[in-house]
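I opened a new page for this protein and kept my notes in the order in which I looked things up. The structure comes first, the entries after it.

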Amino acid sequence: MDTYQILSLLATTFTITISEPCKQWAFDIENDNIKGHWIGTFTEKDGQTEIDFTEDITAKKLVLKLFVKSFLQKQQTQYVFDLKKALQ
């Protein structure tokens, strides 16, 4: 099992802080390894949807600080893939 699988298996609490359909989605996130805030903003540009992700995530364990950024990038890539699939 790699680091990404281990981080994905943890029970994670998401607390929605902003929910504006088709505009913005934000939440606080926390589990045993990370804590922080994530915002996704959706805007229309030239007939397409542009997505901007902003996150402020802190690893609670020193060893995980090396993996948090790449883990979040992988999760966001999967989110966009799943979103495109759902919209087809």
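**Entry 1: an asparagine in a loop**

I looked up Asn33 and found that Asn33 is buried, with a relative accessible area of 7%. The model is a predicted one, and I read every value with that in mind. Buried stands for under 20% relative accessible area, so the 7% of Asn33 qualifies. I then checked where Asn33 sits: in the loop between β2 (24–30) and β3 (34–45). Which side chain does the side chain of Asn33 contact? I found a polar contact with the side chain of Lys61, at 3.0 Å.

**Entry 2: the nonpolar core**

I listed the largest nonpolar core next. This core has 10 residues: Phe27, Ile29, Ile34, Trp38, Phe53, Ile57, Ala59, Leu64, Val68 and Leu72. I noted that β2, β3, β4 (48–59) and α2 each give two or more residues to this core. Which element gives the largest share? I wrote down β4, with three residues.

**Entry 3: aromatic pairs**

I searched the whole structure for aromatic pairs and got five. One of them joins Phe14 and Phe27, edge-to-face, with 5.1 Å centre to centre and 75° between the planes. Phe14 lies in strand β1 (residues 13–20) and Phe27 in strand β2, so this pair ties together parts 13 residues apart in sequence.

I stayed with Phe27, which counts as buried at 13% relative accessibility. Phe27 also pairs with Trp38, and that pair is stacked: 4.9 Å centre to centre, 20° between the planes. Because Phe27 is in strand β2 and Trp38 in strand β3, the pair ties together parts 11 residues apart in sequence. Trp38 is buried too, with a relative accessible area of 9%.

**Entry 4: helix α2**

I turned to helix α2, residues 68–87. The helix has 20 residues and reaches 29 Å from its first C-alpha to its last, close to the 28 Å expected. Its buried residues are Val68, Phe71, Leu72 and Gln76. In general, an α-helix has 3.6 residues a turn, so residues three or four places apart point the same way. On the face of α2 turned away from the buried side, I noted the exposed residues Thr77, Phe81, Lys84 and Lys85.

Note on methods. Residues numbered from 1 in each chain as written. Predicted model: local features only at pLDDT ≥ 70, side-chain atom pairs only at ≥ 80, totals over all residues. Heavy atoms only, no water. Helix = DSSP H or I, 4+ residues; strand = E, 2+ residues; numbered from the N terminus. Expected span 1.5 Å × (residues − 1). Buried < 20%, exposed > 50% of the residue type's maximum accessible area, 1.4 Å probe, protein only. Polar contact = N/O pair within 3.5 Å; in protein donor to acceptor, adjacent residues only side chain to side chain. Core = buried A, V, L, I, M, F, W, Y, C linked by side-chain atoms within 4.5 Å. Phe/Tyr/Trp six-rings, centres within 6.5 Å; stacked < 30°, edge-to-face > 60°.
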